[in-house]
Amino acid sequence: MATTAIPAGLQDSIDRILKGAEGYRVGVALAAVGGGEPRTYGDQSPFVAASTGKLITAAAYYHLVETGEATLEQKLGNYNAAFQLKSMINRSTNDSWHLLRNAVGYPRLIRYAASIGIPYDQQNLLTPAEMALFLTQLYSGGLLNREHTEQLLGYMQNTNVEGLIPAACRPDITVHHKYGLLNGNLHDVALLTFRERTYALAIYTEIADSTDEAERIQMIHTLTETIVDAVFPPSQPSG
């Protein structure tokens with residue numbers, strides 16, 4: 001099996017990139033699926049997770065389905081829960097998020113997050129490391145059964161916004177991701193797969209009182225390209 005080690009030299013490369021973040025904060029976490037705790041870079045204090053927090057709600061609802069407390073067929077709004085889950089993740093629809101959070105209920109949502117090692121509450125705050133941990137658990141099947149895992153991952157492909165982490169990845173890398181955009185928060189979190197190896201990558205950025213995203217989009221692209229080239233060298237042999 002291919003190694004899932006994170007190259008030691010990546011720390012210096014990312015530190016150099018993060019020095020270019022003037023007037024805003026950036027937090028990065030990278031974790032190999034099956035490879036232990038996330039490696040962290042930059043600001044690791046909590047960020048407003050924006051729409052990346054929708055992944056926690058989705059997993060919590062699927063968990064209720066698996067425990068028999070909910071179904072995918074039950075009506076939420078004008079459609080069923082299955083429709084709302086896809087719309088919330090693939091199209092990032094806030095109305096769907098509202099319906100699903102109400103169906104789960106905040107107390108159960110908070111308990112579910114705590115059960116998978118993530119402190120979470122109604123403020124929707126997450127650190128990059130917490131999100132990377134969530135993603136590795138999701139991909140490895142530690143959160144949901146195989147059917148629901150594959151369904152949720154499927155919704156994380158070909159989304160309505162592909163211009164952040166996916167845009168900076170080579171075409172030979174499979175990307176499952178969820179972006180977040182709210183006020184000064186611009187984030188993307190992803191699972192990146194090349195051959196037999198998968199890594200979780202979370203990039204959170206925040207700036208106060210600004211709608212100018214161009215510099216932070218470029219930061220996300222540069223970080224992604226650097227990380228991808230480090231963990232998936234394009235010239236590496238197969239096997």
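The buried residues of helix H8 (residues 214-231) are Arg216, Met219, Ile220, His221, Leu223, Thr224, Ile227, Val228 and Val231, where buried means under 20% relative accessible area with a 1.4 Å probe and protein chains only. The model is predicted, so that local features need pLDDT of at least 70 and side-chain atom pairs count only at pLDDT 80 or more, while totals for chains, interfaces and linings use all residues. Residues are numbered from 1 along each chain as its sequence is written, and side-chain values use heavy atoms, with hydrogens and water left out.

Helices and strands are DSSP runs, of at least four residues for helices (H or I) and at least two for strands (E), numbered from the N terminus. The buried residues of H8 pack against helix H1, strand E1, strand E8 and strand E9 (197-206), contact being heavy atoms within 4.5 Å.

Two helices can be set side by side by their length, the expected span being 1.5 Å times one less than the number of residues.

| Helix | Residues | C-alpha span, first to last | Expected span |
|---|---|---|---|
| H8 | 18 residues | 26 Å | 26 Å |

Helix H6 (residues 128-139) is mostly covered, with ten of its twelve residues buried, among them Pro128, Met131, Phe134 and Leu138. After H6 comes Gly141, which has a positive phi near 85°.

The sheet is open and has five strands in the order E2-E1-E9-E8-E7, paired in the antiparallel sense; two strands pair if DSSP finds at least two bridges between them. Because strand E2 (39-42) and strand E7 (174-182) stand at the edges with a single partner strand each, one side of each has no neighbour in the sheet. From one strand to the next, the twist averages 10°. Nine bridges join E7 to strand E8 (residues 185-194) in antiparallel pairing, and Tyr179 has Asp188 of E8 as its bridge partner. Helix H1 (residues 10-18) packs on this sheet, where H1 touches E1 (25-32) and E2, and its direction makes about 25° with that of E2.

Elsewhere, the axes of helix H2 (residues 54-66) and helix H5 (residues 106-115) come within 10 Å and cross at roughly 95°, axes being lines fitted to C-alpha atoms, for helices over the stretch in contact, with angles from 0 to 180 degrees between N-to-C directions. H2 is therefore roughly perpendicular to H5, a term for angles of 65 to 115 degrees. The residues making the contact include Ile56 and Leu64 of H2 and Leu109 and Tyr112 of H5.

Technical notes:
Parallel < 35°, antiparallel > 145°, perpendicular 65-115°, else oblique. Buried < 20%, exposed > 50% of the residue type's maximum accessible area, 1.4 Å probe, protein only.
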